[in-house]
Amino acid sequence: MELTRRQTLGLAAAAVAGTTVAGTTAATAAPAHPDRWVRDTLRRMTLEQKIGQLFVCYAYGPTAGTADTRNTSLYGVATPAEVVAKYHLGGVIYFTWTDSVRNPEQIAGLSNGLQAAALADTGVPLQIGTDQEYGSVVRVGPPATQFPGGMALGATRSPAFARSAGAIAGRELKALGITTDFAPDADVNVNPLNPVIGVRSVSSDPALVAQLVSAQVKGYQRDGGVVSTAKHFPGHGDTDTDSHVGIPEIHHTREEWTRIDLPPFAAAIRTGIHSIMTAHIVVKALDPSGDPATLSRPILTGILRDQLRFDGVVITDSLGMQGVRDKYGDAEIPLRAIEAGVDQLLMPVDPGLAYNSVLNAVRGGRISEARIDESVTRILKLKYDTGLVGRPYVDASRIPAIVGTPANYAEAQRIADHSTTLLRNDADLLPLSPAPRKVLVTGYSPATLATALRSRGATTVLKDTGTTPSDAKITDALAAAGTVDLAVVLTNKAWDTEVTDKLAKQQKLVNGLLATGTPVIVVPVRDPYDVAYFDAPQTALVTYGSTVVSMEALAKVLYGEIAPTGKLPVEIPTHSETPETLFPFGHGLTFDPRDTRLTVASYNIHAGAGEDNVFDLDRTAQALKALDADVIGLQEVDVHWDKRSNWLDTIAELAARLGMYPAFAPIYDFDPPAAGQPRRQYGVGVLSRFPLLNVQNHSITRLSTQDPNPVPAPAPGFLEVEIDVRGRRLHVYCTHLDYRGDPTVRRMQVADTLRILADDPAADLQILVGDFNAEAAAPELSGLWTRLADSWTAAATTTGGPFTYPAVAANKRIDFVTVGAGLSVRRAEVPAEVPLAEAASDHRPTIADLSFRP
């Protein structure tokens, strides 16, 4: 088809105008009354132009004037503007792969150029659309605001969030010249094996989907000013076949369809939705012919038009999908769609074939021109009612004030913050303390989360294994897990071994990590159903998406900056032949974010390490790593202790292996046994994940049971380190009181301890770790309990007790953690014993899980 001189001039003008075209064209002079404009426009349109209005196609190229050989192959013309003019298109759709959505200014320029082409051809502006559902379906990326998707909204349970997301999305799209959003997804995802809907759906609960879909429609249309399109009618939520590659069949009865699938579409229609997209699915309860809904008159006319009274625009899903092509040829499909009640035909495989098929069907009498007029009238009315006729162009200079603003980003983050769902916290791992730690971040697209964790002081080891990890990548990730304090693994449709991950390698990765012994946090960042396919992770959360805001929200929850408040919008069944409920609808754990966690351990690392009586740094470091503590007080630390430690600086070596900060206070100094050897020392130490702000060794009464008159005399051996924990100054004292079971000596030691503690500001936090030989109820210790609380006694529940090694008597409570005012004891425990040959010490540690509030 040749362009007329008028069309050519129009396109040239558009190319010159670029993105600066103002909204002043002949279209703005249209009659004020919409019915009159629609009637007059329809009257002057040729049959070819009317049929063109039914088609919504894509074109390749970032500008209206960009020549692309892919356009030539598909349409016979080179530029997007020529595509619009050749087929008198009523609409276009943007994708990343068509080079349509590179950046906001480019999008606006393309939109203006295509509008100029349409107006030059028919005088009717284009309906420009895209699939901007957010979450897993996004076409316009940053700097446009990226919101969590449908199921994340469902987890918030908030219509207000659903509406505000739709409002901002609508305003941003409209600023780019995109006038139609093919959203929201109104499907009710009741099938966990649904390969195409999943997290695109709000929920498995029809009422919740209806409520939030209605709110989204209000946001898109009333607040955002764009056309909203509910999809995929009559409901794509209960299928295990992807309609892109096959034809799904929904086996719901009419009653089940009415109860499950209908409510969201009915709610959208009541709210005034402008457009509804059809599904390429077979629902024999609604149409026993076996035709897909897109081609079914009983469904689209009988139910959607007549029963539900929808008189807006009905658009097909892509006509290139196999679900609609399985039964009929590409020339027949558009005819049957129109006969069924469709108004717009989206993305036919062969646009020329489809266009000419409709044209010939009208000329041949199979489809009446009156039927075409019926659909064109709806399309024209939609364009007029939504303001497109009056303002077809956008002003690119206004984009920075509308698209991706700080306020919009903040709202997206606020929504994401309320969506994260904590499924399991069996090990009481969350929230993490704010201590810096080494974290393996692996699995699907972990870089964004790693960035969020690094901003919180973590050192990250990044291992991106994707959705189909190779064995080599799995081996590499498992090896890295042995070098870190914590592993976080992200999964994406790990349940889907039919398409996404055919060899179940994500499952292999997760289960391998869980077997390493390193604390592991498992996070499905798409379908929550993944969690049922792993070996019962103790800590699991769901984000329903992997956008920046969702990963930031996840990091906030992990570190206890916010509480997890998301509630499952679906049920998660077990992965078995006879599924049971693993997590019910509405499940979601939480915690109080005002509590800052802190884990403190006390451990006597006696130089006699196991049965071989050889101090082994690697074995000791492994034992200390297993404590997973933020602060560890160590007793009987031997530094440069002859050949058994190879003259190493024990505390420094342990700190290096664990990635912690060391402090040491000697009790005894020994002369080197030979010239040139470092000085041997024996004392107490502290290892901390937090940087040490101050280190001091205080004086305290010392008398030894082994040698009443040691030479040289003992050093103080009352170590203090100061650290900052979320703005609170924390004093950690470590001492070795295991000298004499003499009450007089203990009274003196307690008096010294209280004197030192009294020097700290009242607002500061205090912890005393160490060991002693005395019952907690010993009267000479009573003064200590006026200032401090024994974590072992204060804990509501304890494990491994009631005493640490050797636990033969009440006065042999060797290791202790005591806390001052402001610190609460969540639990205290002694870890399970290991075989003595594998033990790092002939003592056993005490671990106290503490918390405090600002």
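Which helix gives the largest share of the lining of the largest cavity? I started there, and H8 is the answer, with four residues.

**Ground rules.** I am working on a predicted model, where local features need pLDDT of at least 70, side-chain atom pairs count only at pLDDT 80 or more, and totals for chains, interfaces and linings use all residues. Residues are numbered from 1 along each chain as its sequence is written, and side-chain values use heavy atoms, with hydrogens and water left out.

**Overview.** I find 26 helices and 31 strands in the chain (DSSP runs, H or I of at least four residues for helices and E of at least two for strands, numbered from the N terminus). Of the 854 residues, 60% are buried (under 20% relative accessible area; exposed is over 50%, partly exposed in between, with a 1.4 Å probe and protein chains only). I also checked contacts (heavy atoms within 4.5 Å): among those between residues at least 6 apart in sequence, 75% join residues at least 24 apart.

**Cavities.** My grid rule has a 1 Å spacing over the protein atoms alone; a cavity is a set of points where a 1.4 Å probe fits but cannot get out, a pocket is an open set with protein on both sides within 12 Å along at least five of seven lines, and lining residues have an atom within 4 Å of a point. Points are joined across faces, edges and corners, and a volume is the space filled by probe spheres set on them. I get six cavities of 30 Å³ or more. The largest cavity holds about 130 Å³. It is lined by 17 residues, and Glu133, Gly150, Leu153, Gln216 and Tyr220 are the closest to its centre. H7 (150–156), H8 (159–175) and H9 (206–223) each supply at least two lining residues. By class I note 10 nonpolar, four polar and three charged residues in that lining (Ala, Val, Leu, Ile, Met, Phe, Trp, Tyr, Cys and Pro are nonpolar; Asp, Glu, Lys and Arg are charged; the others, Gly among them, are polar).

**Second largest pocket.** I looked up its volume, about 470 Å³. Its lining has 25 residues, with Asp131, Arg139, Arg200, His244 and Asp317 nearest the centre. The lining splits into nine nonpolar, seven polar and nine charged residues.

**Salt bridges.** I count 50 of them (a side-chain nitrogen of Lys or Arg within 4 Å of a carboxyl oxygen of Asp or Glu). Arg139 and Asp131 form one at 3.5 Å, N to O. Arg139 is partly exposed at 24%, whereas Asp131 is buried at 9%. Both belong to a network that links Asp131, Glu133, Arg139, Asp185, Arg200 and Lys231.

Next I followed Arg853. Its salt bridge with Asp592 has the closest N and O atoms 2.7 Å apart. Arg853 sits in the segment after E31 (846–852) and Asp592 in the loop between E18 (581–583) and E19 (596–604), 261 residues apart. Arg853 also bridges to Asp595, with the closest N and O atoms 2.7 Å apart. Asp595 is in the loop between E18 and E19, so this pair ties together parts 258 residues apart in sequence. Arg853 is partly exposed at 36%, as is Asp592 at 23%, while Asp595 is buried at 16%.

**Two helices.** H17 (406–417) has 12 residues and should span 16 Å at 1.5 Å a residue, and its end C-alpha atoms are 16 Å apart, which agrees (the expected span is 1.5 Å times one less than the number of residues). Its buried residues include Asn408, Glu411 and Ile415. They pack against H7, H8, H16 (399–402) and H21 (548–558). In H22 (617–627) I find Leu617, Arg619, Thr620, Ala621, Leu624 and Leu627 buried. The buried residues of H22 pack against E19, E20 (631–639), H23 (650–658), E22 (680–688) and E31. Just after H22, Asp628 takes a positive phi of about 50°.

The bond between Lys231 and His232 is cis, omega about 5°, and His232 lies in E5 (227–233). Phe233 to Pro234 is also a cis peptide bond, with omega near 10°. Arg157, not a glycine, has a positive phi of about 60°; I place Arg157 in the loop between H7 and H8.
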